[in-house]
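Here are my notes on the model, as numbered points. Please read them with the structure open.

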Amino acid sequence: MDEEDEEARALLAGGADEADPGAPAASRALPALCDPSRLAHRLLVLLLMCFLGFGSYFCYDNPAALQTQVKQDMQVNTTKFMLLYAWYSWPNVVLCFFGGFLIDRVFGIRWGTIIFSCFVCIGQVIFALGGIFNAFWLMEFGRFVFGIGGESLAVAQNTYAVSWFKGKELNLVFGLQLSMARIGSTVNMNLMGWLYSKVEASLGSAGHTTLGVTLMIGGLTCVLSLICALALAYLDQRAERILHKEQGKTGEVIKLTDVKDFSLPLWLIFVICVCYYVVVFPFIGLGKVFFTEKFGFSSQAASAINSIVYVISAPMSPVFGLLVDKTGKNIIWVLCAVAATLVSHMMLAFTMWNPWIAMCLLGLSYSLLACALWPMVAFVVPEHQLGTAYGFMQSIQNLGLAVISIIAGMILDTRGYLFLEVFFIACVSLSLLSVVLLYLVDRARGGNLNYSARQREEMKMSHTE
Amino acid sequence: MCGCGGLRWGWGHSAPSPMLLLSLLLSSAPFGLLGEETRQVSLEVIPDQSGPTGNLLHIRAVGANSTLHYVWSSLGPPAVLLVATNTPNSVLSVNWSLLLSPEPNGGLMVLPRDSVQFSSGLIFTRLLEFDSTNVSDAAAEPPGRPYPPYLLAEFSWNNITDTLDLATLSATFQGHPTWDPTKAFANGSLAFRVQAFSRSGRPARPPRLLHTADSCQLEVSLAGASSRGNRSLFGLEVATVGQGLDCPSAREQHSIDDEYAPAVFQLDQLLWGPVPSGFVQWRPVAFSQKQGGRDSSLPCQASPLHPTLAYSLPKSPIIRAFFGSQSNLCAFNLTFGASTGPGYWDQNYLSWSMLLGVGAPPVDTLSPLILGIMAAALGAPGLMLLGGALVLLLHHKRSSEYQSIN
């Protein structure tokens, strides 16, 4: 998923956008809730924005929450099961470059959001129908359609946030949206299994129909998101009429030819990113059975521990963001995060220690990495290439997730969890290697990646003088 | 850096190997039975001169200074007798007329008698069937409403000679109920495939139990028989026989290693003697398809072992012939599958494997591939950190030297 992108924007936006003068105050007397220039109204908009992304985050991890049920009811092995995640990622390998472009130039933010929400809704419905008709290919197609909408919707959500809160409470808004995304994932992890058993009880038996109906009910969250998209479009248009505010733009300029100008540190950051994220999301996708089989957890406990990464990251992302902002030294933080992840995966692989320890560590390190890694891109790329760099980073991240999801499923079916964990450890280790290399390269080039916050401040001062 | 430290504790906890190695050493010393890397294995069907009455398969595994005798038989219920001797020259003597008499005591002997170091036996007495519909709790005991069990003593078995395979050192007992009014076994059979090993290794088929020359494998498979319910669970009643008065101790061993049996982290064991002198070992998994993939794996539950009285179980002539009528029997039930998930109903197929042997059960170790990947994965960044630190240090030193010249 690309909350990381939001994370990046959240951290970047703080510095860049504060100079905005703010919208002119509306002179007409309206109730606070209906007056676009008032805080109460903006809070309403914020609520809508948060729920705009809720559906897609909720449904993204539906397969993980129902792993055993999907595999039993659809009679698929783990390799095929993981295709559900791969199919989500495929469209985004390309779409990451064009999401911003589509919003800015083709649809506009309002229609863009509505259209992407529709994709999410329709995708989830197709996914659920695949269950009802017992057609796994239809489920895969559903995830593909869902993927088309999902990531671009995140971009749209960010754009709305910037357009409404620029120069006001933007960092807070990004933080809240991120937390909402995590809450969506967590609720999903802990709710879907229960929902499945309720549907099973009312239909009388388990089976693909039960699965389909459960997913269809889960799809209601997507409908909720679509309603939010419609409401936002209306409010945004109304605000434009009243405040003469412009329609939000992502402002992203993507030039694929920029790729050849990317520097070595940037490529290293890409490697870190891909190698790191593939050990978090595919692991969570496959984690539930691991916790029940290896550690003897009940199904509910396994769901709970599987969602702990999201739970921790919801409150910790803003905290770590602040920490990294205040201290600088991004590479060291990234190094810590990657090393902690390595330790956490080694605990899961080679010990019988209570996995809560390892998973909490993973949650903390994941939050820390997101806060420290994404802003580094801005230090190594000129500003006009930033959009391309982020687009590219997301794109190869999705590519990595798609490919590794499939590989992980295959490894699990043939070689088991220990080997899968060892494979993940190898990935983290590659990531660690890249961090060390990045540090050395940056050091050798006299780069500014590992500057402390004060050094950055001093550098900024000397530039402006 | 931190990785290397992690590796050490990682391996320390990887398997309870130090403990088991210790017990392996302890147990091998007095017996002189173990540590046989390879054994000369021969399979022999011992015929009854008076006519075809039942199968008697003698597997003789000769090592440098010990011999293991496995006697598998379908006289009465399928049963196996395991006798370990401390000489490479011990032999099995069978007195058929005594063996078939109502008091078979002494009909089966391993000579010389004083060479016998360890003996134990297993009897497979009943095939159980349960109706698992309306059972929501997967761990319920019993796992559903029981149907009348099939008595394996009342099965008729094939001629074992036809299935003897000297290349793989295996033979298969295949049987069906003699009296089958419902024609449940019209197209089906219950098979006990027995395989001996001349050296340690691991079969290609799941659950890929690690075996040594001191063990042999049994694969029980039920195929084609029509079940009495839509969602029938099958089970097996097994009785153990030993020299001592106590039942063998049951142990669930958890390991971190599921490389050979994906997502199965447990090994169930029955151990004879305080220091293991004999064992039965299996992974708590059964398969509902021949190829035994992960999508067809069923949980396998074992009930606690309890002492039982000889008359409550069908009599096994070979066990009584060797141990006498006063033998000490313990019984337990195995159940394959749960009310949800894959089951026998998928393809009317079920298979489960176990290992029977002397000494301590073999212990899985991390495969060289895993160790290799871990070494590379932790070594590379470690070296990089070290090298990087060194370069930076030298660089720093040189630049400070320059400064001092200036």
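1. In chain A, 81% of the contacts between residues at least 6 apart in sequence join residues at least 24 apart; contact here means heavy atoms within 4.5 Å. For chain B the corresponding share, again among contacts between residues at least 6 apart, is 67%.

2. The basis of these notes is a predicted model, in which local features need pLDDT of at least 70 and side-chain atom pairs count only at pLDDT 80 or more, while totals for chains, interfaces and linings use all residues; side-chain values use heavy atoms, without hydrogens and water. Residues are numbered from 1 along each chain as its sequence is written, and chains are lettered from A and ligands numbered from 1 in the order in which they are written.

3. What is the secondary structure of chain A? Chain A comes to 17 helices and zero strands, whereas chain B has six helices and 22 strands. Helices (H or I, at least four residues) and strands (E, at least two) are DSSP runs, numbered from the N terminus.

4. Along its principal axes, the C-alpha trace of chain A spans about 65 × 55 × 40 Å.

5. Of the 465 residues in chain A, 62% count as buried; for the 406 residues of chain B the figure is 54%. Buried means under 20% relative accessible area, exposed over 50%, and partly exposed in between (1.4 Å probe, protein chains only).

6. Chain A exposes about 17100 Å², with carbon and sulfur atoms supplying 67% of it. Chain B exposes about 17800 Å², and there carbon and sulfur atoms supply 58%. These areas come from the Shrake-Rupley method with a 1.4 Å probe; for residues, only the protein chains shown count as cover.

7. How far apart are the mean positions of the positive and negative charges of chain A? They are 2 Å apart, for 29 positive and 32 negative charges. Lys and Arg count as positive and Asp and Glu as negative; His and the chain ends are not counted. The place of a charge is NZ of Lys, CZ of Arg, CG of Asp or CD of Glu.

8. Helix α13 (residues 330-350) has 21 residues and reaches 30 Å from first to last C-alpha, close to the expected 30 Å at 1.5 Å a residue. Helix α14 (residues 355-373) has 19 residues and reaches 26 Å, close to the expected 27 Å. The expected span is 1.5 Å times one less than the number of residues. In α13(A), 16 of the 21 residues are buried, leaving the helix mostly covered. In α14(A), 14 of the 19 residues are buried, so this helix is largely enclosed by the rest of the structure.

9. One runs from B:Leu111 to B:Pro112, with omega near -5°; B:Pro112 is in the loop between β6 (108-111) and β7 (116-131). Another joins B:Pro206 and B:Pro207, with omega about 5°, and B:Pro207 is in the loop between β12 (189-196) and β13 (215-223).

10. A:Asn134, a residue other than glycine, has a positive phi, near 55°. A:Asn134 sits in the loop between α5 (78-132) and α6 (136-165) of chain A and is partly exposed at 40% relative accessibility. B:Leu169 also has a positive phi near 55°. B:Leu169 lies in the loop between β10 (155-157) and β11 (170-177) of chain B and is buried, with a relative accessible area of 14%.

11. Is B:Ser232 buried or exposed? At 2% relative accessibility, B:Ser232 counts as buried; its place is in strand β14 (residues 232-242) of chain B. B:Tyr344 is 112 residues away from B:Ser232 in sequence, yet the two C-alpha atoms are 7.2 Å apart. Leaving aside neighbours within four places in sequence, B:Ser232 is in contact with residues including B:Glu129, B:Tyr147, B:Tyr344 and B:Trp345.

12. B:Ser42, in strand β1 (residues 40-45) of chain B, is partly exposed at 36% relative accessible area. Beyond its neighbours within four places in sequence, B:Ser42 is in contact with B:His58, B:Ile59 and B:Arg60. B:Ser42 and B:His69 are 27 residues apart in sequence and 9.9 Å apart in space, C-alpha to C-alpha.
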